[in-house]
Amino acid sequence: MRIALDEARRAAEHGDVPVGAIVVGPDGEEFARAHNIREREGDPTGHAELVAVRAAARVRGHWRLDGCTLFVTLEPCAMCAGALVNARIARLVFGAADPKAGAVSSLFEIGRDERLNHRFGVEGGLLGENSVELLRAFFGSLRARGEK
């Protein structure tokens, strides 16, 4: 999660919401790390989770990420949680809950929904306060400048 937090800081450096992610394989090997690039790239799908999952699939040579764990600093939204189902991720570990958009424990439980063709383990709160601090600082800075 500390690597994901470093990635989140990188996102804030170029004006993106500070969210970072890392995909780790079944044997603990790092497949990919990423951060939000939505503002930088003008890409509505430029969430850290999606960027990391795409990169991990390229490294692994297959879209299935069976046995892999995604660490991310903020609870994934519905788009990202759906991508984790489709990528067959085994486990998700997130830092801060997202009461406004979180789709794995706050608003929905997409990773545990038995109606879907795949489910993944979910653990929340790992270094969550560190993630919250980054988000508060980022949005506080925006408000101080009169943005967003």
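This is a predicted model: local features need pLDDT of at least 70, side-chain atom pairs count only at pLDDT 80 or more; totals for chains, interfaces and linings use all residues.
Although leucine 127 is not a glycine, its phi is positive, at about 55°. Most residues other than glycine have a negative phi. Leucine 127 has a relative accessibility of 23% and therefore counts as partly exposed, since buried residues fall under 20%.

The helix α5 comprises 17 residues, which at 1.5 Å a residue should span 24 Å. Within α5, the buried residues are Gly128, Ser131, Leu134, Leu135, Phe138 and Leu142. Because these residues cover an arc of only 130° around the axis, they lie on the same side of α5. The other side of the helix carries the exposed residues Arg136, Ala137, Arg143 and Ala144. Among the elements that cover the buried residues of α5 are α1 (2-13), β3 (69-74) and β4. Just after α5, glycine 146 adopts a positive phi of about 80°.

A further positive phi occurs at arginine 88, a residue other than glycine, with a value near 60°. Arginine 88 is placed in the loop between α4 (78-86) and β4 (91-96); β4 is also one of the elements covering the buried residues of α5. With a relative accessibility of 14%, arginine 88 counts as buried, whereas leucine 127, at 23%, counts as partly exposed.

Notes:
Residues are numbered from 1 along each chain as its sequence is written. Side-chain values use heavy atoms; hydrogens and water are left out. Helices (H or I, at least four residues) and strands (E, at least two) are DSSP runs, numbered from the N terminus. Buried means under 20% relative accessible area, exposed over 50%, partly exposed in between (1.4 Å probe, protein chains only). The expected span of a helix is 1.5 Å times one less than its number of residues. The arc is that of the directions from the helix axis to the C-beta atoms. Contact means heavy atoms within 4.5 Å.
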